[in-house]
Amino acid sequence: MHDIRAIREAPEAFDAALARRGMEPVAAIILALDESRRSAITAAETAQADHNAASKQVGAAKASGDEAEFERLRALVAAKKDEGAALDAQAKDADDKLRDLLLGLPNLPYADVPDGKEEDDNVEINRWGTPRDFDFTPLEHYEIPGAKPGFDFETAAKVSGARFMFLSGAVAAVHRALGQFMLTVHITENGLTETWTPVLVRPEAMLGTDKLPKFGEDSYETTDGRWLVPTSEVSLTYSVAESILDEAALPIRLTAHTQCFRSEAGSAGRDTAGMLRQHQFEKVEMVSITHPDASDAEHQRMTKCAEGILERLGLPYRTVELCTGDMGFGAHRTHDVEVWLPGQNAYREISSVSTTGEFQARRMNARFRPDGGGKPEFVHTLNGSGLAVGRALIAVLENGQHADGSIDLPEALHPFLLGKTRITAGGALE
């Protein structure tokens, strides 16, 4: 949500920032609605004042026996009541239109975010590890003999349809171990508080975290009006909605391992093979609620938390800063961490870490009270995957594969697999 006062003060700068995201100017429309709303409010207040004054005079006219004056004042009271009601309705209509327009506008990119239209314009800012030199052609995760028994696409399609997955045996165990490993690192080393959250949320939570109204088609709404979360960013971030926090309580750093649900309405035909893009998947999410002065440093810290998981797993990755045309709706700035998938001979996104500034906080009215007193200010919110569990599973299987179909597993996972270190070519843990 944007600050209307900032748009009034610098409409050209607002339009210029939106233009970097490929959008047409809208400041003039916003200001016209704002002026209509404010004028109607002022006129309604004047009508109410006239109504109140006339109401006081009605009794005096009645008492004096001046019937003509009494009737005139009574008619004036009724007219001013009707006028005020009409003006209130006009102000509400303008306010609703203004709110709807502002809710549909994306966040503004920071000035130093690279300009661009698509992912090819993203800028690499970090790279770690060297992709393994295979002496055979590496397979994709669902083709590796040791992993094949653990993927059951047919049963998933029978039960739920396309883009769902049944995992079993060794593959399911590694998937579970990855989530446990990520949570353990974030809790014990990265200072995040483990949280268990609902995956069904009210529409206010989706709206407050910028998932509605823009992306309603990409999520699932239930028959009672609640929504399945596309990520626990929604529930974690919205937990501070309508709050005034003490400055001393900041930063708040949370993590949760949950199921996530996305309809993928805009991705027809993309990544349909294997389990890269699913309607239901698991993520370990990171959310930070910070003081405005600390949010840039927190963004860097959260990116390193995501990168650190891949380093512990020994998985090569690169980190890119997204260009203006590829950033998410609510982001001021986004870092995508992309893991190396030898089966695809490509880096693929496994974490997207974004700082939204006060964009979400304004939508959900989340503020803090400065230690020295003074007016409450909006917090800054940040979110990022730490990591997407299914994509981490893909990376572990593809990077650890051997020509005979067996798979070596990262040492970091061994304690979470009761000491098991590999998947055999037959699909067993040993």
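Cys305 counts as buried in this predicted model, because its relative accessibility is 7%, and the cut-off for buried is under 20%. Cys323 is buried as well, with a relative accessible area of 0%.

How many disulfides does the structure hold? The number is 0. For Cys305, the reason can be given in terms of distance. The closest cysteine sulfur to that of Cys305 belongs to Cys260, and it is 18 Å away, which is too far for a bond. For a disulfide, the two sulfur atoms would have to lie within 2.5 Å.

I turn now to helix α11, which covers residues 389-399. Is this helix largely enclosed or exposed? Of its 11 residues, 11 are buried, and therefore the rest of the structure largely encloses the helix. Among these buried residues are Val389, Leu393, Ile394 and Leu397, and the list also includes Arg391, Glu398 and Asn399. As a general point, an α-helix has 3.6 residues a turn, so residues three or four places apart point the same way.

My last topic is a sheet. Three strands make up an open sheet with mixed pairing, and their order is β8-β14-β15. Which strands form the edges? They are β8, residues 243-246, and β15, residues 377-378, each of which pairs on one side only. In general, the strands of a sheet pair through backbone hydrogen bonds, in either a parallel or an antiparallel manner. Between β8 and β14, the latter spanning residues 366-369, the sense is parallel, and the pairing extends over 4 bridges. Within this part of the sheet, Ser243 is found opposite Ala366 of β14.

Key. Residues numbered from 1 in each chain as written. Predicted model: local features only at pLDDT ≥ 70, side-chain atom pairs only at ≥ 80, totals over all residues. Heavy atoms only, no water. Buried < 20%, exposed > 50% of the residue type's maximum accessible area, 1.4 Å probe, protein only. Helix = DSSP H or I, 4+ residues; strand = E, 2+ residues; numbered from the N terminus. Pairing = 2+ DSSP bridges.
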